[in-house]
Amino acid sequence: MSILTDVNARITLAMKAHDAPTLSALRMLKSALTNKEVEKGRALEPVEELQVVAAQIKQRRDSIEQFQKGGREDLAAKERYEVVLLEAMMPPPISTADIEEAVAKAVLETGATSPKDMGRVMKAAMAALAGRPVDGKAVNDAVRRRLSG
C-alpha cells in the first residue's frame, strides 16, 4: 500500500475520531505528497514517498528548534507530536551495522584509499542504502572513520 493511500485512510479515521492534531498533520503530509506528484507529473515511487515523509520530519525538527529558541514551547510540542506521527509511517531506521557494511562495500567498489575519495564513497554508499530511511550524517561519519583509519 502506498503512503498516500495509508494517509487517506488515516485521515478518515482521524475525522471520525475528531482528532484535530492528527488530522492537521496528516492533511499537511497529504498536501506535500500531492504537490510532489504534481511536480513530477506522475504517481510517486515508494522511495520518493519516503523522501517526502523524511523531508516533512526534518522540516518539523527544524521548526521545533526555532520555536524553542523563540520561547514557544506550545508550538514546539505540537511539532514534536507531528514528528512522532510521521516517524510511525517510516520503516524502521537502518542499523549502524548495515551502514558500516554499505560503507565497506562502497570503499571496495570505488577503490578509495584516502579522505580525498570521500565524495565517491558517500555517493556509492548512499546509492546502496537508497529506499531505506538513513541518516546521511551517520553515513558521513562512518565514511570518515573508514577512510581515516
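Helices here are DSSP runs of H or I with at least four residues, and strands are runs of E with at least two, numbered from the N terminus. The model is predicted: local features need pLDDT of at least 70, side-chain atom pairs count only at pLDDT 80 or more, and totals for chains, interfaces and linings use all residues. Residues are numbered from 1 along each chain as its sequence is written, and side-chain values use heavy atoms, with hydrogens and water left out.

**Whole chain.** Show the chain as a cartoon. There are seven helices and zero strands, in the order α-α-α-α-α-α-α. The radius of gyration, taken over C-alpha atoms, is 18 Å, well over the 15 Å that the globule rule gives for 149 residues, so the chain is more spread out than a compact globule. That rule is 2.2 Å times the number of residues to the power 0.38. Along the principal axes, the C-alpha atoms fill a box of roughly 55 × 40 × 25 Å. Of the 149 residues, 34% count as buried, meaning under 20% relative accessible area with a 1.4 Å probe and protein chains only; exposed is over 50%, and partly exposed lies in between.

**Helix α2.** Select residues 20-40. At 1.5 Å a residue, the 21 residues of α2 should span 30 Å, and its end C-alpha atoms are 30 Å apart, which agrees; the expected span is 1.5 Å times one less than the number of residues. Now colour Thr-22, Leu-23, Ala-25, Leu-26, Leu-29, Ala-32 and Leu-33, which are buried. The buried residues of α2 pack against α1 (3-17), α3 (46-69) and α4 (73-87). An α-helix has 3.6 residues a turn, so residues three or four places apart point the same way.

**Either side of α2.** Then go to His-18, in the loop between α1 and α2. His-18 also has a positive phi, of about 55°, although it is not a glycine. Its relative accessibility is 74%, so His-18 counts as exposed.

**Val-134.** Finish in the loop between α6 (118-128) and α7 (136-148), where Val-134 is found. With a relative accessible area of 22%, Val-134 is partly exposed. Leaving aside neighbours within four places in sequence, Val-134 is in contact with Ile-94, Ile-99, Met-126, Leu-129 and Val-139; contact means heavy atoms within 4.5 Å. For a distance check, pick Arg-72: Val-134 and Arg-72 are 62 residues apart in sequence and 30 Å apart in space, C-alpha to C-alpha.
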